[in-house]
Amino acid sequence: MGTTQRSWKIYACGAAVVATLLTSAACSPDDRRTGAGATPGPGTPGTTASPVPGAPVTPAATTPGGTTPGSTSSATATPSRTPGKSPTPPAGTGTPAAPAPAVCTEADLSVSASNEGDKGKPLRYILLTATNTGKTTCNVYGHPFVKLGADAQGLVPVIKDSDPGAVSTLAPGQKTYAALLATGGKMDEYYARTLTVAVQRGEHDPTAGKPVDVALPGVDSVPADDGQTVTYWMTAQGLALRFIMSR
């Protein structure tokens, strides 16, 4: 009986010692982080937490270009560029504009006259055709300066409404047209045996160049009067004739 009591006392004492050891070991999370020699737990600043077996691993967030937020990249930034657009060249580096064609002179052109009226009737409707016979492209400005007959009192008046609003630019071999009405007013009638045509000297120069003689279309003379008139130069012969055929 005495032996049994001593054994029980020893067992109780041992249990008490174990409980004391367990109590001293069971410190709070705060004690583990602040205690001397304590091992940092998961999530402690400055430490790398070991992944929990089976838990998904979240990759570190990065910014475009592969840098971590808050870090400074040593690479130099490249300016953005809009797809499909070329970079704007610096001022003064663009392609210079091509020079405007020179003014056509009488030396660059061959002028002819054709009868556009009905056969068997007096000549009234004349089509003037100027062809670039030179080797370079040139511009014909304004309207022809026409004198119908050596005794004419002045140049043939131009039809203001016939201005096409465009310059006739002629490459070698190309043509421009003007329509001439010889009679229209039935006053001060006379017969013209000569026809001269001159071209404008430039876009802002209303003066005429040197007149050239143009052969009359198949006749020796043309009846003329104070109703004569001429159109501007234009590249469509039908449009030029339209301004005089109804007169």
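Analyst: What follows is a set of questions about labels, each answered by setting a value against its cut-off.

User: What makes up the protein as a whole, and how many helices and strands does it have?

Analyst: This is a predicted model, and the protein has three helices and 14 strands. Of its 247 residues, 26% count as buried, and its accessible surface comes to about 17000 Å², with 56% of that belonging to carbon and sulfur atoms.

User: How do you know which stretches call for caution, and where does pLDDT stay under 50?

Analyst: The average pLDDT of the protein is 76, and 62% of the residues score at least 70, on a scale of confidence that goes from 0 to 100. Over residues 1-53, however, pLDDT stays under 50, and the model has eight contacts beyond four places in sequence for them. Residues 55-82 also have a pLDDT below 50, with nine contacts in the model beyond near neighbours in sequence. Where pLDDT is low, the predicted coordinates should not be read in detail.

User: Why is the pairing of Cys-104 and Cys-138 called a disulfide?

Analyst: The label requires two cysteine sulfur atoms within 2.5 Å of each other, and the sulfur atoms of Cys-104 and Cys-138 are 1.9 Å apart, so the pair meets the cut-off. A search of the whole structure finds one disulfide. Because the torsion about its S-S bond is about 90°, this disulfide is right-handed. Cys-104 lies in the loop between strand 1 (102-103) and strand 2 (109-115), whereas Cys-138 lies in strand 4, so the pair ties together parts that are 34 residues apart in sequence. Both cysteines, Cys-104 and Cys-138, are buried.

User: What makes the contact of Lys-121 with Asp-118 a salt bridge?

Analyst: Here the cut-off is a side-chain nitrogen of Lys or Arg within 4 Å of a carboxyl oxygen of Asp or Glu. The closest N and O atoms of Lys-121 and Asp-118 are 3.7 Å apart, so this pair qualifies. The structure holds one salt bridge, and both Lys-121 and Asp-118 are exposed.

User: Why does His-143 count as buried?

Analyst: A residue is called buried when its relative accessible area is under 20%; the value for His-143 is 15%, and therefore His-143 counts as buried. His-143 is placed in the loop between strand 4 (138-140) and strand 5 (145-148). Leaving aside residues up to four places away in sequence, His-143 touches Val-158, Gln-200, Thr-231, Tyr-232 and Trp-233.

User: How many bridges join strand 10 to strand 11?

Analyst: Two bridges join strand 10 (residues 200-202) to strand 11 (residues 205-208), and the strands run antiparallel; because the condition is at least two bridges, they count as paired. Gly-202 has Asp-205 in strand 11 as its bridge partner, and a hairpin joins strand 10 to strand 11 through two residues.

Conventions: Residues are numbered from 1 along each chain as its sequence is written. This is a predicted model: local features need pLDDT of at least 70, side-chain atom pairs count only at pLDDT 80 or more; totals for chains, interfaces and linings use all residues. Side-chain values use heavy atoms; hydrogens and water are left out. Helices (H or I, at least four residues) and strands (E, at least two) are DSSP runs, numbered from the N terminus. Buried means under 20% relative accessible area, exposed over 50%, partly exposed in between (1.4 Å probe, protein chains only). Contact means heavy atoms within 4.5 Å. pLDDT is the predictor's confidence in each residue, from 0 to 100. Accessible areas come from the Shrake-Rupley method with a 1.4 Å probe; for residues, only the protein chains shown count as cover.
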